[in-house]
Amino acid sequence: MTTKFILGMRDAFFDVLYEIFKKDKSAVLISADNGAPSLDKFWTDLPDQSFTVGIAEQQLIGMACGMAFEGRKVYTYAIAPFVTLRCYEQVKLDMCAMNLPIVNIGIGAGYAYDIMGPTHHTTEDISIMRALPNLVIHSPADATAAAALARIAHETASPQYIRFDRTGIPDVYAGRNVRFEDGVIVTKQGRDLYIVATGVMVHEALKAAKNLEALGINAGVLDLCRLKPINEELLLSHLQDVGRAVTLEEHRLPGGMGSAIAEIFVDGGLHTPLLRIGQGDRFIYDLGGRETIWELYGLDAASVTDKIVRWMGNK
Amino acid sequence: MTTIYPGLAASKTEAERQELFDRLQEKANWVRRLVLEVAVKAHSGHISTAFSQAELLVALYQGGILRYDPKNPRWPERDRFILSKGQGGIGLYPILADAGFFPVSEFDNFAGKGSMLGVHAEWSIPGIEVLSGSLGHGLPIATGIAQVGVTDKKDWLVYCFLGDGELYEGSNWEAAFFAGHKGLKNLICIVDRNGAATIGYTDRIEGPNDGPRLEPLDKKFEAFGFEVRVINGHSFEEIFRALADVRRRTVEKPLAIIAKTRKGKGVSLMEDQRLWHYRVPEGKDLESARRDLGIVNADAPAEKTLVQTY
C-alpha cells in the first residue's frame, strides 16, 4: 500500500531538498527530534549538513540564526505548533528582524494531528506568523506543490515558514503545468464565485465546488499556496470576474487567511461579498479523527456547501 | 587591513604587565565616565550593568585578546563577539569607538533622532554582531556560529557575553546541551556574574524578587559539558590568566568563564544596590557618582537629569 499518495507532501519536499543539498554544500538541516521516512538519507549521507538539537525549539531557531549568519542556508524541522509558537520570539528577532535565509518547516498544519488534542493542533499559526515582517509563508496543497516549493524555498533568500500537512493527501497538480511561484493557483475555474483555500482545504473546496455544480452554482477554487506576501494583484484579477468570494481554512478565523483577504478587500475598497469559513474562537478536544472535527465544526465539504448556499440565498 | 592582535599580556614581563593593566584600568574608568554622562544626557541607559562588565570588555578589546579589524567589522577571520546581555550595549559602544569602529562623536546624539546608537545593541552598528536586548538569544546563536567554525575548520573563536540574570532563560540551557554535546571548544562563554538581575539578587533571600538561586553555577556548566573557570571579573590579572590559553586549549569542551563582578562597580552609591539596574542618577546622587568617577567638567547640569527606575 506504500504509494506516493501515502508518502505525503513533506517527503516529496525532502526528496527534492536532498538533491539540492548534494549540490549546495552551504545548505544545512536542523531537526528538533523530528523524523520522516525521506529524512534518513540526510543523516547517513550528509553528516556535515544535518544536525539535531533535541526537543529544543528555541535552540533550533537560535542556532539556525548563527549558522545563517555565517552564510549557511538553513532549514529547520519540527512539528508545526512547536516551530511557530514555542520559539516565536526567536523567529521574530533571530530570523525575521535580521532577515536571515532560514526556512522553518512545520509538519501537521491545522488538525493534521487530529486526535492529539490542542497541544498538537495548529490553528493559529497563520495569524501569528503573518504578523512578522520579512517572513514568507507557503502552504502546499499536495506533493507536487511541495516538491516545487523545495526549489522555490531554496531560491528565496527571505526567512520562511512552510506549513505542511502530515498525512498523505491526493495529488491535484500532478501532470499539470502550474506556476507555484505566483502564489495563487486557479485549481478550478469558476464563474459565479471562487472559494479561496489553502493546504488540505483546497481538496474540501474542490468537493464543495462539485456539490455546488449539482445545484446550478458554478464555483471555482483558488489555492492560496503563498500566504505571505499574498499576490494581491493576481488574486483580485481572478476575483473581479466573479460576484462572490468565500474563504475556507482549517484555522481559526481571527487573523487567519480569510482575515488577510478581508483586509485586502477593505484596503482596496472592494465590495465583493465575502464569506469566511474556518474555526471559531475555541480549542478542540473532540476525538474521532480529523473528519469528525470538520463535520462538528462545519469544515467538511457538505457543511461548506450548505453554508455557501444559505449565504447566497440571504444576499 | 590592520589586525589588532598584539599578543597576550601574560607573556610579558612583570613591569610591562603592570603597565598594561594600569592603562586598561584607565580605559575602564573612561568607559564608566562616558557611560554615565551619555546616560544622563539621554535620560536612559543601563549604567550599573555597564559598570560590572567594564574591565572584562576592555581586556577583550584592548588587551589583545579578541581578534578584530575596526576598518573591516565583518572581516571573515575575526573572532565573533556576541553580546547576549544586550542592555550592556551602552558599555560596549565606548570600547568599540575607542577601538576605531566608529567615532566617539556618535555619543553626542545617543538614542536621538537619526542616531546609530540606542539603548540595546543593534546589529547594524559596526562591531556589533547580532541584535540583542531580549535575553537568552545570544548563546543559541553563538552555538550555530561555533558549529560552522568547527565544520569549516576555522581558527576564529566565538565569545558569548552573558549576564547572570539572563541565565534564568531556559534557551541558554537548550544551547548548553548542544555546545556540551558537540564539545564546541571554539566557544567561550563569559558570565558577568554580578549577582543581580533587574530588581532582585540571584542568590539572596532578602527581598520578594530575589532568586531563584543560580548557584552552584560552576557545577551547572560543568554538568552540561563545559570547562569552567571562576575569576574576579574586575581583576585584569585574573581575566588575562583565564583567557591566556584560549587559542590553544586542548580539552574538547566549550569554556565558561564565570567572572564575579559588582553591579555599579566604581560608584559607591550604586555598587551592588537594588534599583540601579535602569536608573539614571540626578541631583546629589549624580554629583556623588561624578565625584567617584573623577568627572570634573560634566556637560549635563545635574538638575536637568531625570530619575528613572526599571
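**View 1. The buried residues of helix α8 in chain B and the elements they pack against.** In this predicted model, the buried residues of α8(B) pack against α1, α3 (54-62), β4 (227-232) and β5 (255-260) of chain B, where helices (H or I, at least four residues) and strands (E, at least two) are DSSP runs numbered from the N terminus. The helix covers residues 236-243, and F236(B), I239(B), F240(B), A242(B) and L243(B) are buried in it; a residue is buried if 20 or more other C-beta atoms, placed from the backbone, lie within 10 Å of its own. Seen down the axis of α8(B), these buried residues fall within an arc of 160 degrees, so they line one face of the helix, the arc being that of the directions from the helix axis to the C-beta atoms.

**View 2. I257(B) and the largest nonpolar core.** This core has 185 residues, of which I195(A) and I257(B) touch the most other members; a nonpolar core is a set of buried Ala, Val, Leu, Ile, Met, Phe, Trp, Tyr and Cys residues joined through C-beta atoms within 7 Å. Helix α1 (residues 14-42) of chain B gives the most to this core, with 11 residues. Because domain 1 (4-164) and domain 2 (183-314) of chain A both give residues to this core, it lies between them, the domain bounds coming from an automatic or database domain assignment. Leaving aside residues up to four places away in sequence, I257(B) touches I188(B), C189(B), I190(B), V191(B), R229(B), I231(B) and A242(B), two residues being in contact if their C-beta atoms, placed from the backbone, lie within 7 Å.

**View 3. The side of chain A that touches chain B.** Here 21 residues of chain A are in contact with 19 residues of chain B. Helices α4 (57-69) and α6 (88-97) of chain A each supply at least two residues of this side of chain A, and the largest share, nine residues, comes from α4(A).

**View 4. Confidence at residues 1-6 of chain A.** The mean pLDDT of chain A is 95, and 97% of its residues reach 70 or more, pLDDT being the predictor's confidence in each residue, from 0 to 100. Over residues 1-6 of chain A the pLDDT is below 50, and beyond near neighbours in sequence this stretch has five contacts in the model.

**Notes to the views.** Residues are numbered from 1 along each chain as its sequence is written, and chains are lettered from A in the order in which they are written. In this predicted model, local features need pLDDT of at least 70 and side-chain atom pairs count only at pLDDT 80 or more, whereas totals for chains, interfaces and linings use all residues.

Methods
Buried ≥ 20, exposed ≤ 12 C-beta atoms within 10 Å, placed from the backbone.
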